[in-house]
Amino acid sequence: KAERSILLKIYQRDAHPGNAIVLFIAAVYPTHWVLSDGWYGIAAVPDGHFKGVKTSLCGTKVVVWNASLVNDAEGIHPLEARVNQVLDDDSQPLKTFDKDKDPYLALHVNSTRRVHWATKLGMEPPRCGSSAAYLLQSLPLRSLKQGGGLVRSIRCVVLRVSELLVLQPKESTQGRHPRVIPDKFLHHMLSSSSSDPLLTNHTTASTTSAPTPFLRLRVACSHGAWTVRTENTTQKRLRSSTTTTAILTLWRPSEEMIQIACKEGAEIFVTSVAVSWTHDQLGLTSSKHTTIQRIESEKTAQEFVGYEPRSALTALDMKNKCGKDVDTCVYLVHVTDDYAFATDPSWAILCVKLPRWGAKVWKNGTLVCLRNVFVSHYDAHLDVLDCVMTDTATVSTSPPAPSSYFWAPFLALKELFICDSATSTRVTALRRRICTTILNHDPPPSTSSPIHVDDNVPINKKEGQVALPSTDMESRQVTGHAMHVYTLPTPIHDPVHGLLSAVLYVDTGAHVHEMLVPAHMTTQVTSAVACRQLVHVRVHLGNIDDDMINSCRSWEALEPFRARRVVAVNVQRVSPSSHIQVLLQRLGTNP
């Protein structure tokens, strides 16, 4: 049947330019492209990620989605556009382009791809059924660019799912409550607010702006999984070793979306997501048009990405999982205000940095099941494995179901630590070691008061870890391992310290502190990070830094500094010999 061409409809505002459209590239110029549907042409301005595209793409068919039409508010006929006119004084009408006046399509790299030469030009035909294939249905995660617009669809396998979380507004937290907490704990906190004046004020502030529920999923790219069905297992495992993973955040998920997305190991299509890169970690964020669709071929995709079901790991197994989220079942030996020291049948010591919610759960002599606890690093000097309860981590003191993977470890712990009276002597000795060697105070500890050494720097948690002075001081000191330095895309101008060009991450064992680095110290900091050396950093605190607390994880990381701008002003490397001498002095032993 006869119908108008797609560009004619777009020029006349009768079709939305954001739909999936197949066009061919008629010309490539440094300032713009010229696309055509075979009838008319239109100028197109790609985003900055397309820089360096060669003119050899002329004649290639591309599919564009989520494009926007600029400089055509009223609608015109295609022949009125300069790109479709033959001018007497210009032998190259396609090259003439005025971005302020001529109508053009704004293209985005995450929604523009080449297609097969036989693909029909024009609007994508309507799908027959929800399972029918469509253009841009699956894009590799590693090809996505930050600032490249929305992604139409990705194909991935759900590796891990958090419980339902809520993000609280800044005005309701006032620095006294965490911004990200589990939804079930928020309901418990609000129900108990009548007996706590602090929580009563928090509840009053929350009435104006309600918390935002969300889910966090760790997903792995399964793009191309259907192409390896005939290959052997070895080749599949080889491909899965390079699989790209991402953190997918689903804001305000519906009940249907939760039922589909919360099944770990499921392969899904996710549409209309935004892209962000933080260092080497890919982040995907849902939009109001995001949908999730289940794919039936789960087994093939699971083998392709190397999916492993959840299991409760022992403390010895966790030493090989540094930098990852794991599940474990442990016995709490000693709990302070900030840390919980735990063990399991291997009698290895775990130091868990506690969250700012659910303090009543952490009690001495309790069996707890931890999910998604982050393994920071192993301290060989103290023989302690440092872990952190992040936003997605959960804790449970209730006995697990017999079908749960926590059931067997829970029974083993209960038999060893609860039912066996002979174990109490060994637990007492382990608690004494924690108090004297790690916390460095006399048992039994009533409070986790800091210990002072000769240089008047308070030591709080572990040997060699410098605690934070009182909040009244503007200069503080941190000792830890320099783990990573990230160069800022746009340097920050600080009125006191000048140009701040990078962010340094220092791991003290309990926190990973992030601090801004002046431009003149970048080389020194980069050298320390390359050697993974122990460093002593003196920092200055500024005012509240809104730019550094937008993300949930940054808010939690900066909490020890009360979310103020932290600037490193001096970085000194700590030699192992001097570090050992300090530890021996604190133990009362001559070096």
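Helices (H or I, at least four residues) and strands (E, at least two) are DSSP runs, numbered from the N terminus. The model is a predicted one, in which local features need pLDDT of at least 70 and side-chain atom pairs count only at pLDDT 80 or more, while totals for chains, interfaces and linings use all residues. Residues are numbered from 1 along each chain as its sequence is written, and side-chain values use heavy atoms, with hydrogens and water left out.

**Helix α9**

Color Phe410, Leu413 and Phe417, which are buried in α9 (buried means under 20% relative accessible area, exposed over 50%, partly exposed in between, with a 1.4 Å probe and protein chains only). These residues cover an arc of only 65° around the axis, so they sit on the same side of α9; the arc is that of the directions from the helix axis to the C-beta atoms. Now turn to the face directed away from the buried side of α9, where Ala408 and Glu415 are exposed. The end C-alpha atoms of α9 are 15 Å apart, which agrees with the 16 Å that its twelve residues should span at 1.5 Å a residue. The expected span is 1.5 Å times one less than the number of residues.

**Helix α10**

Next, select residues 423-438, which form α10. This helix has 16 residues and reaches 21 Å from its first C-alpha to its last, close to the 22 Å expected at 1.5 Å a residue. Show the side chains of Thr423, Val427, Leu430, Ile434, Cys435 and Ile438, which are buried in α10. Their arc around the axis is only 135°, which puts them on the same side of α10. What covers them includes β17 (325-335), β18 (339-343), β19 (349-353), β21 (384-388) and α9 (407-418). After α10 comes asparagine 440, with a positive phi near 65°.

**Arginine 356**

Go to the loop between β19 and β20, where arginine 356 lies. At 30% relative accessibility, arginine 356 counts as partly exposed.

**The largest nonpolar core**

Which residues touch the most other members of the largest nonpolar core? They are Leu217 and Leu284, in a core of 31 residues. A nonpolar core is a set of buried Ala, Val, Leu, Ile, Met, Phe, Trp, Tyr and Cys residues joined through side-chain atoms within 4.5 Å. To display the core, select the elements that give two or more residues to it: β9 (151-161), β12 (212-221), β13 (245-251), α6 (255-261), β14 (267-278) and β15 (281-286). Of these, β9 gives the most, with five residues. The core draws at least three residues from each of domain 1 (6-126) and domain 2 (137-187 + 210-225 + 242-309); these bounds come from an automatic or database domain assignment.

Center on leucine 217. Not counting residues up to four places away in sequence, leucine 217 touches Val158, Arg160, Val161, Ala246, Ile247, Leu248, Leu250 and Ala261, where contact means heavy atoms within 4.5 Å. Apart from this core lies another, of 28 residues, among them Ile25, Phe50, Ala67 and Val83.

Select serine 111, in the loop between β6 (104-107) and β7 (112-114). Is serine 111 buried or exposed? Serine 111 is buried, with a relative accessible area of 0%. Leaving aside neighbours within four places in sequence, its contacts are Val63, Val64, Trp65, Asn66, Leu136 and Leu150.

From there, move to leucine 136, in the loop between β8 (122-123) and β9. Leucine 136 counts as buried at 9% relative accessibility, and has a positive phi of about 55° although it is not a glycine.

Arginine 252 is in the loop between β13 and α6. Its phi is also positive, near 50°, in a residue other than glycine. Arginine 252 is exposed, with a relative accessible area of 60%.

**The whole chain**

Zoom out to finish. The protein chain has 13 helices and 29 strands, and 49% of its 591 residues count as buried. Among contacts between residues at least 6 apart in sequence, 70% join residues at least 24 apart.
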